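Have a look at the structure, then work through the points in order.

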Amino acid sequence: MGPRDDLARILQQISCPVCSGENIELAAARAAGARGVVCRTCEFRFEVIEDLDGLRRDSPAINRELAESFCPSCQATGGELLCRCDLPSRERYHVVRCLQCGFLYKREAPRA
Ligand SMILES: [Zn+2]
Ligand SMILES: [Zn+2]
């Protein structure tokens, strides 16, 4: 499974930060490692960054944060980073998958 398939799978699982719609599609390629995506419900656009090594460099504390991350579904701690979403408002969040139950949830990420 290539990176593109991974992104398609992630896009199926994340929801729009504005309208909570789940119809997120790839919009256009941007900078390396970043993908523009668009919500088909409200047309909100944001970027998905899949370069996990780069994200770890940007957020040196990320591994510890993931280990302590709290799943809203099963209340277990420990998650795996899938991607980061960058909003035009400069808000950012990490999309995390619970290692116990597989639930996907968002965590605020540090601003650039
Ligand atoms: Zn939307
Ligand atoms: Zn869980």
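1. Let's start at Val48. Skip its neighbours within four places in sequence, and Val48 is in contact with Leu7, Ile10, Arg35, Val37, Cys83 and Cys85. Keep in mind that you're looking at a predicted model.

2. Val48 also turns up in the largest nonpolar core, a group of 16 residues. Along with Ile10, Leu82, Cys83 and Val95, Val48 is among the residues with the most contacts inside that core. At least two core residues come from each of β2 (34-39), β3 (45-49), α3 (62-68), β4 (79-86) and β5. Which strand gives the most to this core? That's β4, with 4 residues. As background, nonpolar side chains tend to be buried together in soluble globular proteins.

3. Now follow β5 into β6. Strand β5 covers residues 92-98 and strand β6 covers residues 104-108, and the two pair in the antiparallel sense over 5 bridges.

4. Time to zoom out. The protein chain has 3 helices and 6 strands, and along the sequence they run α-β-β-β-α-α-β-β-β.

5. Two overall figures to finish. The protein chain has 112 residues, and 22% of them count as buried. If you take the contacts with a separation of 6 or more, 37% are between residues 24 or more positions apart.

Terms used:
Residues numbered from 1 in each chain as written. Chains lettered and ligands numbered in written order. Predicted model: local features only at pLDDT ≥ 70, side-chain atom pairs only at ≥ 80, totals over all residues. Pairing = 2+ DSSP bridges. Core = buried A, V, L, I, M, F, W, Y, C linked by C-beta atoms within 7 Å. Buried ≥ 20, exposed ≤ 12 C-beta atoms within 10 Å, placed from the backbone. Contact = placed C-beta atoms within 7 Å.
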